[in-house]
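Thanks for coming. I will go through one structure today, starting with a loop and then moving out to sheets, helices and cores.

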Amino acid sequence: MKTQKKVCAIHDISCVGRCSLTVALPILSAAGVECSVLPTAVLSTHTGGFTGFTYRDLTEDITPISQHWQTLGIGFDAMYSGFLGSFEQLDLVAGLFDTYRGDGLVMVDPVMADEGKLYGVYSPEMAQGMAKLCAKADIIIPNLTEAAFILGEPADNWEGPHSEAFVTETLRKLAKLGPSRVVLTGVTFESGKIGAAALDTVGGKVGYAFSKRAEGHFHGTGDTFGSAMLSGLLNDMSLQDSMQLAVDYVSASIELALATSRERRYGVPFEQALPMFMKRLGLL
Ligand code: PXL
């Protein structure tokens, strides 16, 4: 009998603005994966492009939630962490990985920075803590800014164009922290194209996936990328194919965003690209 894969998504709930759990849940569900959630914080909106948002830190709920799960003997095929609600959650999430990883997959998206800057809600110590959490992951998916903060390097080369040597070197330095697979997003070698690069330390090969570049910033696309990437992996696609699927799905979502008048801070209409995504997974 075929068993359905189970993932635990550890991100915030930004009530409005299509990012983190409001993106991860629908995408992983559409990929046929049973998606449980462990909310790290509840915000009225995400923090990018809105002011006056509410912020309820759920740090205190994590241990009791996990303790209850343990009485039920719950397990997961993958743990997927993203935006954390506090510095203290870094250790708590590391503990969750120890408790639930089994022989499953641990994917860390070190959500904390973009476009050369740390998010306003985080201090520089978050970057050092996030590097330690990355060390516990099987696969990490930082953007170029997050990669620089994790490595303690200047975050001034996020925009590109990048050299192949710089990208390969960055991937290798990140892999040295511990994860066996590293996927770097926001990589661009030539104008008009952007995508991701992946290193699998088993074999040591570096692969790339690119699509058309749209000008400007699109909120929530990191979470769309991560959720699609994990969907591919849990549907037994290779690292390279999962990365290409994620790049294409983000690109299709951005194309749809460009065709609407909705303000960018409300996120991309990834919902409308779900049929294409499911077809690529062989589910439609
Ligand atoms: O998409 C990343 C993200 C997740 N969660 C919150 C955010 C952001 C990016 O700004 O503010 C709360």
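**A walk through the model**

Arg18 sits in the loop that connects strand E2 (13-16) to H1. Keep in mind that this is a predicted model. Arg18 is not a glycine, yet its phi is positive, about 45°. The loop between E2 and H1 also holds Ser20, another non-glycine with a positive phi of about 45°. Is Ser20 buried or exposed? Ser20 is buried, because its relative accessible area is 2%, and the cut-off for buried is under 20%.

Now the sheets. E2 belongs to an open sheet of 3 strands, ordered E2-E4-E5, with mixed pairing. E2 and strand E5 (55-57) are its edge strands, each pairing on one side only. On average, neighbouring strands here are turned by 15° against each other, if direction is ignored. E2 and strand E4 (residues 41-45) run parallel and are joined by 3 bridges. In that pairing, Ile13 stands opposite Val42 of E4.

There is also an open sheet of 8 strands, again with mixed pairing. What is the order of its strands? Reading across, it goes E3-E1-E6-E7-E10-E11-E12-E13. Strand E3 (34-37) and strand E13 (205-212) are the edges, and each of them pairs on one side only. Within this sheet, strand E10 (residues 139-140) and strand E11 (residues 181-187) run parallel, with 2 bridges between them. Ile140 stands opposite Val182 in E11.

Helix H1 (residues 21-30) lies across strand E1 (6-10), E3 and strand E6 (78-81), and runs at about 160° to E3. Helix H3 (residues 89-100) lies across E1, E6 and strand E7 (105-108), at about 170° to E6.

How many of the 8 residues of H5 are buried? The count is 6, so H5 is largely enclosed by the rest of the structure. The buried residues are Leu144, Thr145, Glu146, Ala147, Ala148 and Ile150. They pack against strand E8 (113-114), strand E9 (117-118), helix H4 (124-135), H6 and E11.

In the loop between H5 and H6 we find Pro161. The peptide bond from Gly160 to Pro161 is cis, with omega near 0°.

Helix H6 (residues 164-176) has 13 residues and spans 18 Å from first C-alpha to last, close to the 18 Å expected at 1.5 Å a residue. Its buried residues are Val167, Thr168, Thr170, Leu171, Leu174 and Ala175. These cover an arc of only 160° around the axis, so they lie on the same side of H6. As background, an α-helix has 3.6 residues a turn, so residues three or four places apart point the same way. Ala165 and Lys176, on the other side of H6, are exposed. The buried residues of H6 are covered by elements including E10, helix H5 (144-151), E11, strand E12 (193-200) and E13. After H6 comes Gly178, with a positive phi near 150°.

In soluble globular proteins, nonpolar side chains tend to be buried together. Here the largest nonpolar core has 44 residues, and those with the most contacts inside it are Val7, Ile139, Val183, Phe225, Met229, Leu230 and Phe277. Which elements give two or more residues to this core? They are E1, H1, E6, E7, E12, H7, helix H8 (239-258) and helix H9 (274-280). H8 gives the largest share, 9 residues. A second, separate core has 43 residues, among them Cys8, Phe83, Val93 and Leu199.

Setting aside neighbours within four places in sequence, Ile139 is in contact with Leu105, Val106, Met107, Val108, Pro179, Arg181, Val183, Met229, Leu233 and Leu239.

Ser231 is buried, at a relative accessible area of 0%. What is Ser231 in contact with, leaving aside its neighbours within four places in sequence? The contacts are Ile27, Leu28, Ala31, Phe277 and Leu281.

That is where I will stop.

Note on methods: Residues numbered from 1 in each chain as written. Predicted model: local features only at pLDDT ≥ 70, side-chain atom pairs only at ≥ 80, totals over all residues. Heavy atoms only, no water. Pairing = 2+ DSSP bridges. Helix = DSSP H or I, 4+ residues; strand = E, 2+ residues; numbered from the N terminus. Contact = heavy atoms within 4.5 Å. Axes fitted to C-alpha atoms, helices over the stretch in contact; angles between N-to-C directions. Buried < 20%, exposed > 50% of the residue type's maximum accessible area, 1.4 Å probe, protein only. Expected span 1.5 Å × (residues − 1). Arc of directions from axis to C-beta. Core = buried A, V, L, I, M, F, W, Y, C linked by side-chain atoms within 4.5 Å.
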